Structures are given as C-alpha cells and as structure tokens.
Amino acid sequence: MIGSSRASIAVVQEAVDAKFDDPDLERAGKDLLDVADLLGREITLRRALSDAGRPAQERRSLASQMLATRVCALADELVGTIVASRWSSESDLVDAVEFAGAQALFGAAEHRDELDRVEEELFRFGRIVVVDGDLQLALSSHALPGSAKRGILVDILSGKATGTTVDLLSFVAAHLRGRRLGQAIDALTAAAAHRRGKLVAVVTSARPLTGEQGSRLAAALERIYSHPVVVNVQIRPSLVGGLSVQIGDEVIDGSIATRLENARRRVSG
C-alpha cells in the first residue's frame, strides 16, 4: 500500500487491537472476510465506499445500511472505521477489510493461546503448496468455486489444523485477486508473526537443524535485525550444505549450491 492507504491501515490495526477482549472478535473476523468477498464482487458498492469525494460519515452510513443485519455489531463498527478512512485505490479498501478480518481472527486465536499454532500451520501449509504442483493448481484455479477449495482444505487439514487456519486458507484460495497462492499464504504467516511482535525468517537448509542450531541462528538474526525473530525451516537437499535465509524481501544466501553456481558463472564469464 502507498500514500493515504499506508496511514489508514495503521488506523485499522489500532481499531482491531482495541477490541482484543471483545467476545465477538472471532465472529467479527469471519464477518469481515464475508464483507471483503462482497466488496470484491460488487464494483458499484466498492467504488461508493472508497470515494474520497463523499464525506466520511456518508460512506460510513452507506456501509451500515448495506450490511444491516448481515454482520455483528463489532464487524459493523470496524467496517465503519475502514470506509471512513482514505484509500489510494478501491483494491486497497478491499485489502483493508480482508486485513481486518485476518487480524481479528489472529486476535481471537491469541486470546485462546493458539496464535503460535496458527502461524506454524500456515507456514507448513505454504511449504506444502510450494512443492505440490497439483494442489497449488487446484487451489489457484479460477474455475473451481470457493466451496470446492474449502472442501479440499478440510479434507487435507481435518484434525490437523485449527478452524482459524482453515478459514484463512479457504478465504485466500478463493480470493487471490492477482496474488500467487504461495505469496498470499506467506503474507498471512508474516501477519501472524507480526501480531506476536516478531519477524519471520524462512530458513532453507539441506538438512534439519538441531534445536541448538536453530536457537543460535535465531539469536544471530535478532542481533542483526534488533527484533525478535521466528525461524521457520524448510528442507531442500539440493542445497548440499549451508543455509539460505529470507526475511521479507532480503535474502542471505550461504548455501553451497549457490556458491558453486556463482563460481561457475565467474569461470564461464
């Protein structure tokens, strides 16, 4: 997000955080995802609610009238905050409602002491999607309805993941809006970690790290970034040895495979 949207999303985050103890937080999260779905489909409503030329109170009233009894009071309040803010584009408005929904669900999971588990489940499933081409194709297909994608996820994750994880994965699979599935899941994982006040380091290794190695790596990264770091490890034997670490858009690549490829390029060049 850029411009006014960047400032507005911070306001949305604060609004959700302020409702951490609300008993309807989880229901509001699900309702907000339904509203994001509605706005994604209804272009006229989306344009009206993102029109900065309309007074903020008018946009807020319009949203409340349209949603009426379709959402809980907390979701209605949060939607009002979102549409009263300024957004650089219509798509940013939809992204903000989705963001609020995910943050509300993360907040509810945190209240149940499940947020660590949700983050881990999102990360692990994201890695499965990367290596399973058929699954990625099915969940990314525009021809497959959202209900069918949810059915696939329930079949795979039943008894293995929380309801929050299934809800979030089902939503992003059905509402990619130009995003790649893996990227959308990674964004959810990072958002969950951010709520825990931590950065996510995706570590690619030729073999599993021992507990001591993982702790040393996390400590080293925390010194570099001056911020708590969650280390998520994925195994890739083709690296031969060494590690590749990615935090956001930054990659620290110390794998043997990369060193050999760089040496090959220097020789051939």
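## Exercises on a predicted model

**Exercise 1.** Is Ser8 buried or exposed?

*Solution.* The model is a predicted one. In it, Ser8 has a relative accessibility of 7%. Buried means under 20% relative accessible area. Ser8 therefore counts as buried. Finally, list its contacts: leaving aside residues up to four places away in sequence, Ser8 touches Ser85, Arg86 and Trp87.

**Exercise 2.** Determine in which sense strands β1 and β2 pair, and how the chain passes from β1 to β2.

*Solution.* Begin with the strands themselves: β1 covers residues 199-205, and β2 covers residues 229-235. The two pair in the parallel sense, over seven bridges. Now follow the chain: from β1 it runs through helix α12, residues 211-225, and on to β2. This β-α-β crossover is right-handed. As for covering, five of the seven residues of β2 are buried, and the strand is mostly covered.

**Exercise 3.** Describe the second largest pocket by its volume and its lining.

*Solution.* The volume of the second largest pocket is about 630 Å³. Its lining consists of 19 residues, and those nearest the centre are Asp186, Val202, Gln246, Ile247 and Gly248. Sorted by kind, the lining has eight nonpolar, seven polar and four charged residues. Turning to the elements, α7, α11, β1 and β3 each supply at least two lining residues. Of the elements, α11 gives the most, with five residues.

Notes
Residues numbered from 1 in each chain as written. Predicted model: local features only at pLDDT ≥ 70, side-chain atom pairs only at ≥ 80, totals over all residues. Heavy atoms only, no water. Buried < 20%, exposed > 50% of the residue type's maximum accessible area, 1.4 Å probe, protein only. Helix = DSSP H or I, 4+ residues; strand = E, 2+ residues; numbered from the N terminus. Pairing = 2+ DSSP bridges. Right-handed = clockwise from strand over helix to strand, strands pointing away. Contact = heavy atoms within 4.5 Å. 1 Å grid on protein atoms, 1.4 Å probe; cavity = no way out; pocket = protein on both sides within 12 Å on 5 of 7 lines; lining within 4 Å. Points joined across faces, edges and corners; volume = space filled by probe spheres on them. Nonpolar A, V, L, I, M, F, W, Y, C, P; charged D, E, K, R; others polar.
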